[in-house]
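Hello,

Here is the structure I promised to pass on. Please have a look, and then read my notes below.

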Amino acid sequence: MNVNMSSGTEGDLIRVGRTRDWAAKQAGQALYQGSSVPEQTSGWPEISGTYSNSSLMDESRGKMSAVRRTFCLFVAFDLILTFILWVIYTQLIGDKGWVAFQKQVAGYNFRISLFDTVMLSAVRLTFLLLAYALFNLRHWWMVAVTTFLSCAFLVAKIFLFDFGSTQSSKNPLSYCLLIISFVLAWVETWFLDFKVLPQETKDREKRERASRGYVDERTPLLRDNDDRSVDDSRYYSPVESLDGSDEETDKQARDRFYSVPATGQTNKQEVDYLSIGLSAWNNMWDMITSDDSEWKKEAGTDPTGGCVHSRTVPTHGKVFRLQGLVELSPADLFREIVTNQSEQPEWNPTVIECRTLQVINDNTDVSYNVAAEGGGGLITSRDFVTVRQWGVKDGIYMSAGIATTHPEMPPQKKYVRGENGPGGWGFKPVPGEPDQCIFVWLLNTNLKGWLPQKLIDQSLSTVCLDMLVHVRKRAESLNNAER
């Protein structure tokens with residue numbers, strides 16, 4: 001077997017020491033906190049911190065999430081901006097100082113005064129803060145009501161306002177106030193419906209999975225007292241493993257998964273990465289072997305010409321599946337895309353940078369990738385930090401990955417940090433054709449930023465088909481080089 005251990009005895013000692021240290025830490029916490037040791041202490045340590053999310057923690061403590069606070073600040077900004085523009089407007093319509101304010105407020109007239117735009121923003125602020133800050137409403141109906149009433153009022157204002165009175169016709173702020181008030185109301189609706197509510201829903205789902213003792217996307221923890229931890233189908237042989245490795249015992253399979261990393265050291269963080277990698281592998285294997293009837297066609301013709309399907313997976317969202325025939329063996333294409341990932345920017349224009357941050361063991365690492373901008377510059381470059389785990393199972397070469405964090409690569413100022421759900425590359429053999437394979441790409445991504453996820457999903461089919469074109473060109477160049 002391809003295991004990073006100098007001897008079985010040394011590996012056993014390291015694993016026993018790691019388990020004892022972790023168990024002692026949990027016992028100490030239980031004593032100081034006055035609580036009993038959780039059930040998970042009888043087995044392998046559970047993931048902690050790798051998927052930490054401040055908004056998730058805030059909501060679990062009854063505090064407002066970060067994205068909801070941003071929404072409330074924007075609503076306050078709406079009122080402040082409208083008020084400032086109105087003050088400037090009153091000083092440019094002929095009357096000066098306090099006289100201008102008196103005519104606009106005390107002598108309010110619907111046809112000549114724009115003070116009602118300020119009051120309209122104040123009404124929106126009052127109702128939206130009451131609903132989404134004080135009562136923590138998790139529905140869009142309140143922002144829909146305020147936007148509808150604002151639009152109705154502004155439309156009436158446009159038809160009845162006397163733009164030729166005093167000097168309003170010469171003052172562009174009279175137009176700007178009405179337009180800006182209309183735009184801000186719709187921006188508030190968009191931000192709540194596309195950013196606040198979807199993000200908080202995802203955070204609640206993650207917190208619920210964590211409270212049930214699950215590692216990431218519904219994958220159970222490996223525990224000695226859990227029958228699922230000894231399911232042979234959950235373990236696989238790494239690439240180029242020795243013959244007979246499929247017959248290893250359950251304990252050997254678990255030991256190999258938690259083997260000593262290639263760095264010669266082991267710590268809790270590396271165990272977390274290995275667990276997350278296995279979680280991504282299991283999720284991807286379920287998707288790559290699922291029946292075609294579970295997928296909806298998005299684009300393309302067939303696997304030979306290239307086609308894209310999609311399906312909505314609970315807790316993961318929308319997953320895209322690209323399939324296409326490539327004139328290269330599964331092992332060679334696997335080596336070119338997965339093993340030689342640092343060379344990918346040389347032939348794949350959609351990628352700017354690919355490199356490995358940390359090698360965990362012979363078939364697991366943490367990688368960093370930067371995607372080129374897309375949509376004609378509408379979508380700026382995104383970077384991703386991913387745990388990858390690769391291997392061969394039932395003749396299918398596969399590299400699975402999922403988003404994580406790494407101390408050497410915090411979020412960068414020049415890129416928006418994207419987040420990938422479980423997915424990756426698959427390379428299926430074609431019966432009777434050793435020099436061909438079915439290339440599979442499972443894409444489940446959240447590009448973050450201000451773009452609505454629905455808009456991003458609409459363009460991902462094109463991204464997948466473009467990727468297949470680049471892979472086929474690379475395969476053709478490799479075949480020509482061998483001739």
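**What I found**

Threonine 147 touches Ala185, Trp186 and Thr189, leaving out residues up to four places away in sequence; contact here means heavy atoms within 4.5 Å. Before going further, note that this is a predicted model, in which local features need pLDDT of at least 70, side-chain atom pairs count only at pLDDT 80 or more, and totals for chains, interfaces and linings use all residues. Residues are numbered from 1 along each chain as its sequence is written, and side-chain values use heavy atoms, with hydrogens and water left out.

Threonine 147 sits in helix α6 (residues 141–160); helices (H or I, at least four residues) and strands (E, at least two) are DSSP runs, numbered from the N terminus. The residue is buried, at a relative accessible area of 3%, where buried means under 20%, exposed over 50% and partly exposed in between (1.4 Å probe, protein chains only). Its side chain reaches the backbone oxygen of valine 143 at 2.8 Å.

Arginine 68, in helix α3 (residues 66–90), is buried too, with a relative accessible area of 1%. Setting aside neighbours within four places in sequence, arginine 68 has contacts that include Tyr132, Asn136, Arg138 and Glu200.

Now to the strands. Which residues does β5 cover, and how many of them are buried? Strand β5 spans residues 317–326, and eight of its ten residues are buried. Seven bridges link β5 to the antiparallel strand β4 (residues 307–313); strands pair if DSSP finds at least two bridges between them. Valine 313 has glycine 317 as its bridge partner in β5. Three residues separate β4 and β5 in this hairpin, and threonine 315 in the turn has a positive phi of about 75 degrees. β5 also runs antiparallel to β13 (residues 433–443), again with seven bridges, and valine 326 is partnered with cysteine 437 in β13.

Finally, the second largest pocket holds about 1100 Å³ of space. Its lining has 46 residues, and the closest to its centre are Ala371, Phe384, Trp441, Leu443 and Val463. On a 1 Å grid over the protein atoms alone, a pocket is an open set of points where a 1.4 Å probe fits, with protein on both sides within 12 Å along at least five of seven lines; lining residues have an atom within 4 Å of a point. The volume is the space filled by probe spheres set on the points, which are joined across faces, edges and corners. Helix α11 gives the most to this lining, with eight residues.

Best wishes

Technical notes
A polar contact is a pair of N or O atoms within 3.5 Å; within protein, one must be able to donate a hydrogen and the other to accept it, and residues adjacent in sequence count only if both atoms are side-chain atoms.
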